[in-house]
Amino acid sequence: AAAQQLARAGHDVVVWERADRPGGLLRYGIPEFKMEKRVLDRRLAQLRAEGVEFRCGVDVGRDLSAGELRSAHDAVVLAVGSTVPRELRVPGRELAGIHQAMEYLPLANRVQEGDVAVAPITAAGKRVVIIGGGDTGADCLGTAHRQGAVSVHQLEIMPRPPDARDPSTPWPMWPLVFRTSSAHEEGGERVFAVETEAFEDDGTGHVAGLRAHEVRWVPASGDRPARFEAVPGTVQDLPCELVLLAMGFTGAEPALPAALGTELGPRGTVARDGYATSVPGVWVCGDAGRGQSLIVWAIAEGRSCAAEVDRALTGRSLLPAPLPA
């Protein structure tokens, strides 16, 4: 999004991408059934026709040093996302068959791209548990169905949201209501207010199930912070051969920001003022600066960041900025 706007303002723009194809999460995170890649390819073809150059298969900071990057460009925009996954540190996490969602979803997308015939991590013939109730968990759910899972359970630590807007989220706040995606309509069981306490070994080093318990939310009181509390007598075992962790992300991968000399904020994102980082000539937009969020926010931030970069380079900008700096 930033590249397209800057190219339209007359700048020479290069997008450096460490994957073999451009598109980021649109390419390898979102499943084909949710967003056909022909739509993405159409937009990328448009960008190329407008003069944007894509250099893929380059891991900036390793294949290309930060110094080389800075010396070759008048401005650098970090749009590297928030890709450090949140971990689940419980006994048995090291067992085979337990994967982060972003280890699983890209492989399924590569099958659709024609890169491989069968995904190395597949739900075919397996009982699957997804830990995390958000959009990424729903993407794993729909993918597992298409691969032929025997059963799918999606676990969420939060309680089930109400069917109508809760008084705690009045307009214009985002409403706290129960939502069902198309993937949920296809099947699977959603389980709310549960927490995983351990994974079970089948005797060969592979996961055979998990142990969980119900939780309730306890508000802060005095010196005790708000917390989830186990409900006594609710421990249950759930058999599974594949576990997918879809619990969100904790920030940007730190190596490239560190190489460029930019600072990280307390949430693990790149610290910024507007879209400018602490290093002159380096900007940041999207999840890398905002934190894990929706793609529409990333697109809006990319376009807004482009206007700020254009203004810094030329003294003024006619580019639209959907979001204030």
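By class, eight nonpolar, six polar and two charged residues make up the lining of the second largest pocket in this structure, which is a predicted model. The volume of this second largest pocket is about 250 Å³, and of the 16 residues that line it, those closest to its centre are A108, Q112, T143, R146 and Q147. Two or more lining residues come from each of the elements α5 (101-113) and α6 (135-147), and α5 gives the most, with five residues.

A second topic is the pairing around strand β9, which spans residues 207-218. The table sets out its partners.

| Strand paired with β9 | Residues | Sense | Bridges |
|---|---|---|---|
| β8 | 194-201 | antiparallel | seven |
| β10 | 227-230 | antiparallel | four |
| β11 | 236-239 | antiparallel | four |

Strands β8 and β9 form a hairpin with five residues between them, and in the turn G203 has a positive phi of about 100°.

Key:
Residues numbered from 1 in each chain as written. Predicted model: local features only at pLDDT ≥ 70, side-chain atom pairs only at ≥ 80, totals over all residues. Heavy atoms only, no water. 1 Å grid on protein atoms, 1.4 Å probe; cavity = no way out; pocket = protein on both sides within 12 Å on 5 of 7 lines; lining within 4 Å. Points joined across faces, edges and corners; volume = space filled by probe spheres on them. Nonpolar A, V, L, I, M, F, W, Y, C, P; charged D, E, K, R; others polar. Pairing = 2+ DSSP bridges.
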